[in-house]
Amino acid sequence: MSKTRERILDASLELFNRQGERSITTNHIAAHLQMSPGNLYYHFRNKQQIIAELFAAYEAQIELSLSLPQDRALTVEDKRHYLESLVGCLWNYRFLHRDLEHLLSCDSQLSEDYRAFSRRCVERGRAIYAGLVSAGILCPERTVPEALAVNAWLILTGWVGYLCTSVLDSAQDELTRPMLRQGVYQVLALELGLVSEAARGEVQALLADYLRAE
C-alpha cells in the first residue's frame with residue numbers, strides 16, 4: 001500500500017470516528033490532509049471505497065482476535081484476551097457501529113460482506129463458548145454456546161449505538177473507551193450464572209475489573 005493511500009485511510013478513520021461518517025466528505029478528508037481532491041480521487045474513487053477498505057481492516061482484526069488456541073484448553077485469561085481485543089477493535093473503528101444501518105443501506109456490497117462477517121464471528125464465538133464448556137469454566141448443563149455467541153455479538157456490536165442513542169445527552173458529548181468497556185461488563189454479567197464453581201472466583205474478579213473500569 002502506498003504511503004499516500006495509507007495516510008488517506010488513517011485520516012478518514014480519525015475523522016469518521018471523531019465526527020461521524022455522515023458529516024465527513026472526501027473534500028473534508030482532502031482538506032485535513034492538505035491535498036487536492038483530485039489527488040485523493042486518484043487513490044479512492046469515492047467515500048464508499050474508503051469505508052470498504054476500513055471495514056476490511058476491521059474485519060481482519062476481529063477475526064484474528066477470535067482464534068482458538070490449538071494445543072491447549074481455554075482459560076479465563078483467554079476470555080479476558082478475547083474481550084479486550086474486541087473492545088480495542090470496536091473502539092478503533094467505532095464509526096462503523098455508530099450508524100451501521102445507514103452504512104449498510106448505502107452500499108449493497110458492504111451489506112453483503114457484513115452479513116457474512118457477522119455469521120463467521122458468531123460461529124467463532126460459538127466455538128469459543130464450547131471451548132469454555134470443555135475447559136470446565138462454563139457449566140455444560142446450563143450453557144447453550146450458540147445462544148451465548150449471538151447474545152454476546154449483539155451486545156458488543158450494538159453497544160456504541162446504545163451509548164449514542166440512550167446514554168450520551170447530545171451529539172456533542174464524547175464517546176469514551178471506558179464507556180465502551182462497560183459493554184463487556186454486560187456480557188460477563190449475563191454469563192455469571194453459567195460459570196462453574198471452580199472458575200467462579202476468577203470470573204467474578206474479571207467482572208469486577210470491568211465494573212470499576214475507568
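## Salt-bridge network

Glu59, Glu63, Arg120 and Arg124 are joined in a network of salt bridges. The model is predicted. Across the whole structure, a search finds 14 salt bridges.

## Individual pairs

Glu53 and Arg5 meet through their side chains in a salt bridge, at 2.7 Å from N to O. This pair links distant parts of the chain: Glu53 sits in helix α4 (residues 47–65), Arg5 in helix α1 (residues 3–19), and 48 residues separate them. Glu53 is partly exposed, with a relative accessible area of 23%.

Asp78 forms a salt bridge with Arg72; their closest N and O atoms are 2.7 Å apart. Is Asp78 buried or exposed? Asp78 is buried, at 11% relative accessible area. Arg72 counts as partly exposed, at 45%. Glu197 and Arg200 also pair by their side chains, with 3.4 Å from N to O. Both lie in helix α11, three residues apart, about one turn of the helix. Glu197 is exposed, with a relative accessible area of 64%.

## Helix α10

Helix α10 covers residues 177–191. At 1.5 Å a residue, its 15 residues should span 21 Å. The end C-alpha atoms are 22 Å apart, which agrees.

Which residues of α10 are buried? They are Leu180, Arg181, Gly183, Val184, Val187, Leu188 and Glu191. Seen down the axis of α10, these buried residues fall within an arc of 135°, so they line one face of the helix. Their cover includes α5 (76–92), α8 (108–134), α9 (145–167) and α11 (197–211).

Conventions
Residues are numbered from 1 along each chain as its sequence is written. This is a predicted model: local features need pLDDT of at least 70, side-chain atom pairs count only at pLDDT 80 or more; totals for chains, interfaces and linings use all residues. Side-chain values use heavy atoms; hydrogens and water are left out. Helices (H or I, at least four residues) and strands (E, at least two) are DSSP runs, numbered from the N terminus. The expected span of a helix is 1.5 Å times one less than its number of residues. Buried means under 20% relative accessible area, exposed over 50%, partly exposed in between (1.4 Å probe, protein chains only). The arc is that of the directions from the helix axis to the C-beta atoms. Contact means heavy atoms within 4.5 Å. A salt bridge is a side-chain nitrogen of Lys or Arg within 4 Å of a carboxyl oxygen of Asp or Glu.
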